[in-house]
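The entries follow in the order in which I checked them.

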Amino acid sequence: MASHPSKRRRLTPPRSDDGQGGGDEGGNSSSSNVKVQKAFFKSASSWSLENDYESRPRKGKNSKKDKKPSLLTNAKLPIKAPDGTWAAQDGDEAESVASDAEWLESDGDHEADAPEPAHAAPEAPKVPKREQIRRAQEELAQIGTRLNEDPEENPGAFKAMAKVGDSRILAIQKLSLVTQMAIYKDIIPGYRIRPAEEGAQEKLSKDVKKLRVYEQALVSGYHEYLKILAKYAVSRDSGSDRPGQDISSIAITCACTLLGAVPHFNFRGELIRILVRKLSARTVDAGFVKCRQALETLFREDEEGRPSLEAVSLLSKMIKARDYHVDETILNLFLHLRLLSEFNGTASYDSVERENATLGKKKQEKVFLTKKERKLRKEQKAADKVMALADANVTHEERDQMQSETLKMVFATYFRILKARSPHLMGAVLEGLAKYAHLINQQFFGDLLEALKDLIRYSDQIAEEGEGDEEDEDEDEDEDEEDDSLSSTRDTTRESLLCTVTAFALLAGQDAHNAKAGLHLDLTFFTTNLFRSLFSLAVNPDLETGAKALIMRDGGDTRGNHKVNLQTTTVLLMRCLSGILLPQWNIRSVPPLRLAAFTKQLMSAALQMPERSCQAVLGLLQDMLHTHGKKINALWNTEERKGDGTFKPLSQTVEGSNPFTATVWEGELLRKHYCPKVKEELKLMEKSLRSI
């Protein structure tokens with residue numbers, strides 16, 4: 001029996017031509033699906049999924065911590081436990097999502113749960129200190145090479161070079177200071193750069209504009225460098241981890257080098273201020289010595305006059321501001337002034353008189369010039385003035401004016417110290433006055449001699465009171481350690497000798513005859529004081545010791561090379577005796593009584609002096625016999641005695657000693673002196689005596 005095939009049932013009604021189904025129920029559902037699909041596509045064209053996702057909040061409502069694992073939400077199948085129960089597997093990270101919206105939201109939850117990075121600048125990698133120093137060396141070397149090859153093509157290199165020194169590493173700062181010093185020393189021109197005139201509209205060529213841009217960059221960079229030097233010169237790098245020079249010492253060395261190499265260039269006053277500020281310090285160290293030597297070189301080599309004037313002005317102001325509590329070697333700087341030795345006028349602390357000031361000025365005949373010629377001459381004078389300013393040239397009138405101002409400042413400083421009676425500076429002041437005696441105005445001569453007399457009286461008073469009373473008075477007046485140390489170095493004997501040397505040097509530098517006649521000057525006080533002090537000087541244990549050796553013996557600093565007080569007491573004594581007994585201005589005017597009194601006194605003092613001092617005294621007496629032999633030869637011959645009474649070696653006056661009643665018998669003892677040179681000097685003296 002044939003089997004019939006199974007009838008297949010149609011599940012979906014056939015689609016009609018108009019898009020509707022065959023049955024009512026089927027047709028309604030089909031038409032509704034079509035409408036939904038069309039509406040979906042129509043609305044989908046206007047969707048902006050990116051904007052919706054961007055505007056959706058990052059942090060979802062449901063937190064991962066609040067979610068509990070369940071069989072419905074867990075993505076893994078449950079497993080059967082050994083006891084027969086079903087348990088869900090742990091789903092820490094994988095969770096089931098029901099729709100695309102939930103998936104998007106859960107994805108947003110994961111992004112919200114992730115830690116959001118902080119918006120901070122990325123940290124630069126730390127470079128080792130040694131590597132930074134190496135890079136700074138290379139950069140400075142490159143900048144220096146460019147500037148040495150063609151500086152006008154690299155005007156911005158000065159700022160770049162200074163920027164390298166802004167590092168916090170001390171080694172780089174030191175390297176930058178030394179490198180800039182070397183570069184500026186090499187490229188600074190031999191003229192002074194004048195500042196650019198603002199508002200001036202000039203038609204300049206391309207090369208001139210290029211040169212001016214470079215010059216202004218050079219001046220600006222050099223000025224900033226000097227400011228950095230001034231800042232570092234007073235600083236201390238106590239935190240340095242390596243032994244060596246501190247940055248202040250390097251800054252001072254750079255300033256001294258630049259002042260000696262380019263004293264004509266701009267901002268010279270800034271360099272001098274750095275040096276003077278260091279000289280005002282209480283301690284004398286290597287930097288102090290460098291600054292002093294730099295100023296000495298500046299004074300000796302100054303041909304213009306303006307640098308010396310600026311330095312002397314700053315030094316005098318600093319000394320006055322420090323109330324004269326400065327080192328003695330600072331006043332010694334005035335002895336190196338080249339201009340004062342070339343000045344042919346006289347001055348005091350407030351006035352200057354120049355010789356032949358009106359000579360050489362003859363009235364010139366007036367020459368007729370046209371208007372055009374006068375205009376050209378005026379332009380030529382303006383151009384010459386600009387060139388002279390750029391070349392730092394000065395006329396003779398300007399040079400004399402600067403010399404006068406410098407001389408007034410020096411004398412004003414000396415006279416203020418004399419008035420203040422600063423003990424540790426007296427030697428320097430008196431030696432300076434003795435050197436520049438020919439420049440002192442005769443109208444001020446009498447006041448100066450009175451000041452020297454008061455100083456000798458004050459020294460004698462202190463010597464009589466004793467050293468113990470002097471120390472007590474100093475402690476009561478000032479408790480400062482510096483003042484005590486300065487007052488303890490006072491030597492009244494040397495002060496008296498220096499006053500006498502200065503007084504006779506002043507007369508030697510002037511027209512002594514006119515000075516005595518016009519001003520009625522009398523130097524008898526100095527002569528009598530020296531005569532009374534000869535015996536005390538003869539037994540002085542420090543007679544052949546200079547001030548420098550005395551300072552070393554007391555444990556102080558040698559203060560470098562001295563020009564003041566370097567001479568021993570014997571040398572000062574010989575200078576005094578030469579000024580009194582053998583004056584250069586009028587050697588024949590010395591009275592015989594003074595010559596005889598000093599001769600007898602010196603022969604008695606020579607018996608107690610050391611061998612070198614004894615040789616110096618015998619040599620002086622030999623010169624006296626050669627010049628004044630006929631006036632004093634009676635002292636060696638008892639039959640030619642001209643006086644009555646007895647000789648008084650301790651007389652308070654030279655005339656009251658009655659020297660011609662005595663005989664020079666000390667020569668017989670000096671014949672048996674232990675030193676052969678003393679015997680030889682005595683034989684020469686007697687030979688001169690026999691030749692009279």
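Which residues in H20 meet which residues in H25? I found that Arg 494, Leu 497, Leu 498, Thr 500, Val 501 and Phe 504 in H20 meet Thr 569, Leu 572, Leu 573, Arg 575, Cys 576, Gly 579 and Ile 580 in H25. Contact means heavy atoms within 4.5 Å.

I noted the ground rules next. The model is predicted, and local features need pLDDT of at least 70, side-chain atom pairs count only at pLDDT 80 or more, while totals for chains, interfaces and linings use all residues. Residues are numbered from 1 along each chain as its sequence is written, and side-chain values use heavy atoms, with hydrogens and water left out.

**Entry: H20 and H25.** By class, I noted eight nonpolar, three polar and two charged residues in the contact of H20 with H25. Ala, Val, Leu, Ile, Met, Phe, Trp, Tyr, Cys and Pro count as nonpolar, Asp, Glu, Lys and Arg as charged, and the others, Gly among them, as polar. I looked up the geometry: H20 (residues 492–508) and H25 (residues 569–581) pack at about 35°, with axes 9 Å apart. Axes are lines fitted to C-alpha atoms, for helices over the stretch in contact, and angles run from 0 to 180 degrees between N-to-C directions. Helices (H or I, at least four residues) are DSSP runs, numbered from the N terminus.

**Entry: H20 and H22.** I read that these axes come within 10 Å and cross at roughly 145°. Ser 496, Leu 497, Cys 499, Thr 500, Ala 503 and Phe 504 in H20 meet Phe 526, Thr 527, Asn 529 and Leu 530 in H22. This contact of H20 with H22 has six nonpolar, four polar and no charged residues.

**Entry: rings.** I counted nine aromatic pairs in the structure. Phe 525 and Phe 526 form an edge-to-face pair, 5.7 Å centre to centre with 85° between the planes. Rings of Phe, Tyr and Trp (its six-membered ring) pair if their centres lie within 6.5 Å; planes under 30 degrees apart count as stacked, over 60 as edge-to-face and the rest as tilted.

Is Phe 526 buried or exposed? Phe 526 is buried, at a relative accessible area of 0%, whereas Phe 525 counts as partly exposed at 25%. Buried means under 20% relative accessible area, exposed over 50%, partly exposed in between (1.4 Å probe, protein chains only).

Conventions. Helix = DSSP H or I, 4+ residues; strand = E, 2+ residues; numbered from the N terminus.
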